[in-house]
Amino acid sequence: MKRMSHPRLAAWLLEHLTSASAAEALVGDLLEQHAGGRSTAWFWRQAAAAIGIHAARTVLHSAPAAVFAAGWGLVYPAWRAVIGAWLPPAVPERWLALPWPRPALLELGYGVVPAVSFVWLGVLLYLLVRRDKTALLPPSRILSGLSAGMNVVMLATWALLNHLQHPDLVCVTSASFYLGFRIMGVSVPLTLGVFVALLVTMRRQPPVARSASTRRVAPANRAARFPQSLHGKLELDIAAPPLLHP
Amino acid sequence: MAERGYLGEFELMVLLSVIRLADDAYGVPLVRDLSELRGRDVSAGSVYAALERLEAKGLVTSSLGDATPERGGRAKRYFRVTEDGLRTAHDTRRVLNQLWKKLPSVGGDPA
């Protein structure tokens, strides 16, 4: 009897919704068992369980970053007070008289820089506080996190302004969005920005398995490997782990 | 960097199963072994999650093996216990043995 082909959608979901390092081996294992007689329903159940477990682990892993981001977003009024002291209440008229695109860039910088710098400061503070887990992060990962945080702030701000029908959607000045109104609302894009930046920066990178060429061992040499050499003992005494090397 | 900490019950089972299976310790035999020992189905996802935690703690290492047609061309991922892993298994066994000694029988008499 011809066996039903494996559920490609389940395999695709597994490969895209679980950790990259485990996905290939996990899908291969499920395909091997499916080819050995397991049902398609069983394949789907295994895939759903693996995706659920991965999602739960991701949530747990990112919980400290989420809590920090929410708390950091509430600090924004203090940051506003500090930055506000350095900025005039609105974009000066002489700036607006400059040739295009300088006025637009100035307005953008004037309104956005305080928020983005606040997000970046939060990310760097978090990395500093948790340096036991972040000390070995490559600079490229931190830069990509900061970049993602900035993009999220911009997008979330645009969405929030749209939602609030705010007139400063066109022209952001110090008297408006980031330095003026609805501080609690403003903390939403800032919190999202910090959170996404931390997720990108601290995403898990499990150890990469060695390639097949380093793994395969000639049968004649297998006795030299200690788990193999102790295998016989394990067959006799499962309860006792093999002895340590002297 | 290896993260150190206590082993959970399931992690310990997976670690012992990796030791037991030795050179054949990849996903399929591990899931089968654990399912037989526990007497019920074990999901492959939970086994891989435990293996990733063990690897992060430096108790096992992994390496890629052969890709076969029935696996859709995907490589097997073999796991091996490390010296630290073996030491942790021994430590855990010693602690648990001490704890088991004080276990009363169901009727209330000492075991």
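How many salt bridges does a search of the whole structure find over all chains? The search gives 10, a salt bridge being a side-chain nitrogen of Lys or Arg within 4 Å of a carboxyl oxygen of Asp or Glu. The structure is a predicted model, in which local features need pLDDT of at least 70 and side-chain atom pairs count only at pLDDT 80 or more, whereas totals for chains, interfaces and linings use all residues. Residues are numbered from 1 along each chain as its sequence is written, chains are lettered from A and ligands numbered from 1 in the order in which they are written, and side-chain values use heavy atoms, with hydrogens and water left out.

Chain A contains 12 helices and zero strands, where helices (H or I, at least four residues) and strands (E, at least two) are DSSP runs numbered from the N terminus. Of its 246 residues, 39% are buried; buried denotes under 20% relative accessible area, exposed over 50%, and partly exposed the range in between (1.4 Å probe, protein chains only). Among the contacts in chain A with a separation of 6 or more, 70% are between residues 24 or more positions apart, a contact being heavy atoms within 4.5 Å.

One salt bridge pairs A:Glu15 with B:Arg74, with the closest N and O atoms 2.9 Å apart. The pair joins two chains, since A:Glu15 belongs to helix 1 (residues 8-17) of chain A and B:Arg74 to the loop between strand 1 (60-67) and strand 2 (75-81) of chain B. A:Glu15 is partly exposed at a relative accessible area of 29%, while B:Arg74 is buried at 16%.

A salt bridge is also formed by B:Arg71 and A:Asp29, with 2.7 Å between the closest N and O atoms. B:Arg71 lies in the loop between strand 1 and strand 2 of chain B and A:Asp29 in helix 2 (residues 20-35) of chain A, so this pair joins two chains. Both residues are buried, B:Arg71 with a relative accessible area of 0% and A:Asp29 with 1%.

Within chain B, B:Lys57 and B:Glu11 form a salt bridge with an N to O distance of 2.8 Å. The two residues are 46 apart and link distant parts of the chain, B:Lys57 being in the loop between helix 3 (44-56) and strand 1, and B:Glu11 in helix 1. Both B:Lys57 and B:Glu11 are buried. Through shared partners, salt bridges join A:Asp29, A:Glu32 and B:Arg71 into one network.

B:Ser35 is located in helix 2 (residues 27-38) of chain B and is buried, with 14% relative accessibility. A polar atom of the B:Ser35 side chain lies 3.2 Å from the backbone nitrogen of B:Val42. Apart from neighbours within four places in sequence, B:Ser35 is in contact with B:Arg40, B:Asp41 and B:Val42.

Notes:
Polar contact = N/O pair within 3.5 Å; in protein donor to acceptor, adjacent residues only side chain to side chain.
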